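Welcome, and thanks for taking a look. Below is a short briefing to read alongside the sequence and the 3D view.

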Amino acid sequence: MNIRVRFAPSPTGHLHIGGARTALFNYLFAKKSGGTFILRIEDTDELRSTEESMNSIFESMKWLGLDWDEGAMPDLAEKGNSGPYVQSKRQDAGIYKKHAERLLKEGMAYRCYCTPEELEDMRRKAQLEKRPLRYDGRCRKLSNAQAEDFERQGRRPALRFSMPQEGKTQFVDLIHKEMEFENAILYDFIMIKASGYPTYNFACAIDDHLMEISNVIRGDDHISNTPLQLNLYNALGWAPPDFAHLSMILGSDGARLSKRHGATSVQEYRKQGILAETLRNYLALLGWSTSDSKQIFEKGELEEKFDLKGCQKNPAIFDPVKLKWMNGEYIRKLSKQELFLLAKSYMVESGIDIECQSPEKAADIICLEQEKYKLLSEIPSMIDFFFKEVIYSRDAVDKVFRAHGVEVILNGIKDKYSGLGNFNEAEIEAETRNFAKSNGFKTGQVFHPVRVAVSGRTEGPTLFKMIERLGKEQTLKRIDKALELLKTLV
RNA sequence: GCCCUCAUCGUCUAGAGGCCUAGGACGCCGCCCUUUCAAGGCGGAGAUCAGGGGUUCGAAUCCCCUUGAGGGCGCCA
């Protein structure tokens, strides 16, 4: 059998972490088995769906490298032979109506004239009487006269599926194994809303069948929808796909991941400077693992190793700290050129005039601190002093410049550096050490003030590499500036 | 309230009856390296496997109950 899987987001916002994880698992499952990965847009919520969200989802998917073989594409284009892949277009094509009418004709669906208010009352009453909150099926046996009466009142009916009231619905979930539901607790869900739009449970099942989806891999929150959809398949005489329900992703407090836990969309993490590779790797490990608990995967390795068998049944808490650690790992693996290209936009964004150095020089400077970066967004603040006027941090001044002998040291170093013909790392280091030794200073005693004088801070790249990159002119200028500052200290 | 699901270090997890005195990773602590901050190396603390009953010669692993957590019960998806 051909493996065909789909990711079916509804365009009501940006692609969030949970959705991205579902998309990734579907993608990996397809790649692993040489199957087809399909992107379907479920925009049957006519009030909340937006084209903007749809495009944002496309963009996040592309960025994550989750390229789909079939489905909706940007600019209203489509790819594949099972289209359209946007449900509103399928609705326009009459696809849902056709199958709904067949069920209606065969007596497996019925018109429901209940108003939202009536349904709300029904639920309230059930709540009060401690009964299950499901629809009581009152419109199932409406007489023609009653129906006509409602029609005359101007009520537009919704179409409900007639759920079997006895027996059980069973299926084998690829992750959870055997699942069983009493049909009596299932309910007559709405297939077609009064507006004519299909509901999720209806459109989803119809499309999965028509698109020949072999495996439905989705979040745990859909478990209770599965028996509903299974009964629909059954009524239609269709063979259902296999199901696999992924555990949820929770926030640090164990509650469902939401805004108050911090960034929740792929886009936000991208902005922070998480690499796409990092996010893929991290997300893959939320609810899935290999038997050796491998953490970092090489390019293409996830596609090769992914397996539904390694999926966890229990929910996973999203850990931003581990994400950051992993991002550092991936940043360290970047080539100089890759890092430079990635960092560039963050530099420009934070107002650094990157053009004041040659691209080679700028790349060189950025890579000086490569092993320290955890987020691309923190790069500018770590190396900005190479590109603009030095600013002495309060902290550094208090900690270093107030020590004895700083003035003597800076003056001495200034002299030494001025006389240097070859202003390179080795020469600078030799000269600096030499100065310390011949004047009876400990190396640290000299290094620290020099560091603060040229960079304005106590932490940074290897001192002599840093000074070489700064250049003779800048270095001397900054030592002078530090000397001026010293005079103002009391 | 009803239904469903889940339960191993703080967190992500390995574990499919004896290999478990429970392994790895993040984080934390210490040491080494070192001019700083990182990175790296080495080491450490951290889980009576939610609790209680069974089954078995033997259970983290199988069964039952309890508890806790999550999900669903929408003309949302």
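A polar contact is a pair of N or O atoms within 3.5 Å; within protein, one must be able to donate a hydrogen and the other to accept it, and residues adjacent in sequence count only if both atoms are side-chain atoms. With that in hand, a phosphate oxygen of RNA strand B is 3.1 Å from a polar backbone atom of tyrosine 200.

This is a predicted model, where local features need pLDDT of at least 70, side-chain atom pairs count only at pLDDT 80 or more, and totals for chains, interfaces and linings use all residues. Residues are numbered from 1 along each chain as its sequence is written, chains are lettered from A and ligands numbered from 1 in the order in which they are written, and side-chain values use heavy atoms, with hydrogens and water left out.

**The surface near RNA strand B**

- Around RNA strand B there are 64 residues, and Asp45, Gly287, Lys372, His448 and Thr462 come nearest; a residue is near a strand or molecule if one of its heavy atoms lies within 4 Å of it.
- By class, this surface has 22 nonpolar, 20 polar and 22 charged residues. Here Ala, Val, Leu, Ile, Met, Phe, Trp, Tyr, Cys and Pro count as nonpolar, Asp, Glu, Lys and Arg as charged, and the others, Gly among them, as polar.
- Helix H12 (320–333) is one of the elements that each supply at least two residues of this surface, and H12 gives the largest share, five residues. Helices (H or I, at least four residues) and strands (E, at least two) are DSSP runs, numbered from the N terminus.

**Individual contacts with the RNA**

- Of the atoms of RNA strand B within 4 Å of the protein, 70% belong to sugar or phosphate, and the rest to bases.
- A base nitrogen of RNA strand B lies 2.6 Å from a backbone N or O atom of cysteine 114.
- Serine 224 places a polar side-chain atom 2.8 Å from a sugar or linking oxygen of RNA strand B.

**Asparagine 201**

- Asparagine 201 sits in helix H7 (residues 200–210) and is buried, with a relative accessible area of 8%. Buried means under 20% relative accessible area, exposed over 50%, partly exposed in between (1.4 Å probe, protein chains only).
- The side chains of asparagine 201 and asparagine 225 are joined by a polar contact of 3.3 Å.

**Cysteines**

- A search of the whole structure finds zero disulfides, a disulfide being a pair of cysteine sulfur atoms within 2.5 Å.
- Cysteine 204 is in no disulfide, and its nearest cysteine sulfur, that of cysteine 311, is 19 Å away.
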